[in-house]
Amino acid sequence: MTAGTGELTFDHLLGLEGMDQTRITALLDLSQRMKEIGERPLKKVPSLRGKTVCFFFVEPSTRTKMSFGVAAKRLSADTMSLTASGSSLKKGETLLDTAMNLQAMGPDILVIRHRAAGAPHFLSKHLSASIVNAGDGRHEHPTQALLDMLTIRERLGRLEGLNVAIIGDIANSRVARSNIFGLTTMGANVRLSGPATMIPKGIDQLGATVVPSIEDATDGADVVMMLRIQKERMGSDLFPSDREYHRQFGLTKDRLRNAKPNVIVMHPGPINRGVEITPEVADGPNSVILDQVTNGVAVRMAVLYVLAHRTGGAK
Amino acid sequence: MSTETRLVIRGGRVVVDDATKAVPAHVLVADGRVTGITNDLPSDWASVDSIDATGRLVAPGLICLRTHVCEPGFEWREDIRSASQAAAAGGFTTICARPDTDPVNDVRAVTEQIVTRSQLAPGAHVFPVGAATLGLKGEHLSEMGDLRDAGCVAVSTGETSLRSTRMMRRVFEYARSVGLPVFSSGEDSWLSNGTVMHEGQASLRLGMSAVPPEGEATAMFRDGLMAHLAETSVHFQRVTTAAGVRVLRRLLEDGVQVTAGTTPHHLCFTEDDVATFDTNTRVDPPLRSCADVEAVRQALRDGVITTIATDHSPMTSIEKLVEYEFCEPGTTGLESALGALLNLVREGSLPLNRVLSALTTGPANVLRRHDLGRIAEGAVADIIVVQDSISWRAKGEQMLTSGENQLFEGREMIGQVEVTLVDGEQVELTPGGRNVDFR
């Protein structure tokens, strides 16, 4: 693999807030090249041989963790993994102590998911390894937004000027936050819709527009991004019932009619079928939900590649 | 009079008349009291102790209505000895100890322990504040009369306002009958529960659970109405929002007997300071918006807010080296309050007289103690001498508090406290004076 990273160097990937257009574009370009590796019969390059990537997941994750794992292996990195249930955090060790112990094993990159916002930022101040934020509380999930942007760009050819509707639990969603930061930076028009209990007051300050109904959001949309109803994160006071939610805010075939004909439908997963999205839409011709998963591996390869080259190492 | 004089503070600018002015004068002290403020030194002044205050500000000792002395129960953070020393170092001669110790200060035995330990502490007076309800749970009234007899100077409802409006009413009524002031935090616990920051533009970006300023305003309004119903007064310890200030002005207009305070950090920092996830910015109430800070400053200028309390809450660095959302709130403040506030004065943000009165006569009036917080004949000789033209930077490691959480670290400070007199006696400051063999 000879993908030059050019001026694209990062110490850490903590979030998309503040990342400029040039860097996002460069990361997406690199991801596109990484994607090709996954299409080869032998899906492995030696770029990260001798590098160690540590996965530190303090909050449950299936696809993100596996996606990072596949990405690291395709680049020939050595990987190690620690999850909360198997770690000393359960025994009362602090996050910093656990992380320092992991660091003592010499990883070049630490990929962390944590339920507290800012946990990756906290570790980045105390550890020498590069930190990748794989989701911190309700704050950011930068690789998810990058893979979403890669998917949109691949399908529609650009990001600038597109109408992107993000629908659902914006308040509790790190995916929404990272996408708002990333998409508005790239010049897309982001519209948000959902019950007012799930739309944070003043969110328009971040450059997105809040619209009253799902129909307003999908009207002329190029992209409709549905968010998962995060049952584990919310109190019981955000919406009355699954049934009511589906009727008012669920994405149905009917509700897609006013969108652009080539609209793409996205979802970060896991899906609550029949709640925020009907099966016929999730599995229908406009759905790119599985492309998102494929692109997730490519984006994470690009991120690991860039961070591993920060320290010199693999050339 | 001069025959009784034990100490003369010579040649300073003496803060008098409810901190409205500073006049060149000498202050005479005897038996722990101020015996005179004069332009003429007594003939025998050379034969008694004297402090040369030339070019210095001679001010009443500062009073903090809200300090966590951490004893009993949290002695690894601070104890009464180190808190009283830190207070004296920062110019405070009286600190009021929050009741949320372990055990809670809701019975005479705990109050007595605090009083006994504070008598041995070589620094500021430590006045216990009792819990208005048992365990601060808001369910049963504490024995407020007994708490008063043991030494409590006020009762507090705790970190948030009581959930039950009916119980709040009873607290005001009963406290009135035993003659104790009631301190309310003015925070709606239904809204604030589980939150770690102010709901505003910073929380939007950071995605952390946040409390809207309306939580302060609704609780203040309700508690004000209940105090009025009970025909007594209420003191709001920490007004930090524009919404809270609006409610405060309204209550005052309506004739409710209300006083209110704020903190140095709510006058100096905003929600934007949380952006780096520095856990020293995790305080309760949270750091607010710029507009809130300006509204609170304006309320101080207008004399609507009349006290500033440090809300000194020491912790070890280990306790702050955690995820932001899991960190307990609090910053130390006793040794940075005066310097930070005088810096605001220097910047032109606050007038000196309001700052000084909010640290002296304002809190003394809340405590209904007219012999404290002023330099006047007959007043307790709690006096500080401040070199008020010195500028320095706050450094936690040079402070006497055992707390290691210093929000003001590195900030510019104005004014150095050179002498602290408590009951007419000069406090000796001994670094590292915390009791390590606490029991």
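The exercises below, each with a worked solution, concern a predicted model of chain A and chain B.

**Exercise 1. Describe the extent of the interface between chain A and chain B.**

Start with the residues in contact: chain A contributes 23 and chain B contributes 18. Next take the area. The two chains bury about 1,700 Å² between them, and 58% of this lies on carbon and sulfur atoms. Then ask which residues of chain A lose the most area to chain B. They are A117(A), F122(A) and R138(A), which together account for 26% of what that side buries.

**Exercise 2. Explain which parts of chain A are tied together by the salt bridge of D11(A) and R310(A).**

First check the pair: the side chains of D11(A) and R310(A) meet at 3.6 Å, N to O, and the rule asks for a distance within 4 Å. Now place the partners. D11(A) lies in the segment before α1 (21-37) and R310(A) in the segment after α10 (289-308), so the bridge ties together parts of chain A that are 299 residues apart in sequence.

D11(A) has a relative accessible area of 46% and is partly exposed. R310(A), at 28%, is also partly exposed.

**Exercise 3. Treat two salt bridges of chain B in the same way: R108(B) with D146(B), and D302(B) with R249(B).**

For the pair R108(B) and D146(B), the N to O distance is 2.9 Å. R108(B) belongs to helix α2 (residues 108-120) and D146(B) to helix α3 (residues 144-150) of chain B, so the pair ties together parts 38 residues apart in sequence. Both count as partly exposed, R108(B) with a relative accessible area of 29% and D146(B) with 27%.

For the pair D302(B) and R249(B), the N to O distance is 2.9 Å. D302(B) sits in the loop between α10 (290-301) and β15 (307-308) of chain B, while R249(B) is in helix α8 (residues 242-253), 53 residues away. D302(B) is partly exposed at 37%, and R249(B) is partly exposed at 28%.

To finish, look for shared partners. Salt bridges join R66(B), R98(B), D100(B), E159(B), R238(B) and D311(B) into one network. Over all chains the count comes to 40 salt bridges.

**Exercise 4. Decide whether T232(B) is buried or exposed, and list what T232(B) touches.**

Locate the residue first: T232(B) is in the loop between α7 (214-229) and β13 (234-236) of chain B. Its relative accessible area is 9%. The threshold for buried is under 20%, so T232(B) is buried. Leaving aside residues up to four places away in sequence, T232(B) touches F172(B), R176(B), A227(B) and Q257(B).

Definitions and conventions: Residues are numbered from 1 along each chain as its sequence is written. Chains are lettered from A and ligands numbered from 1 in the order in which they are written. This is a predicted model: local features need pLDDT of at least 70, side-chain atom pairs count only at pLDDT 80 or more; totals for chains, interfaces and linings use all residues. Side-chain values use heavy atoms; hydrogens and water are left out. Contact means heavy atoms within 4.5 Å. Buried area is the accessible area (1.4 Å probe) that two parts lose on being put together, summed over both. Helices (H or I, at least four residues) and strands (E, at least two) are DSSP runs, numbered from the N terminus. Buried means under 20% relative accessible area, exposed over 50%, partly exposed in between (1.4 Å probe, protein chains only).
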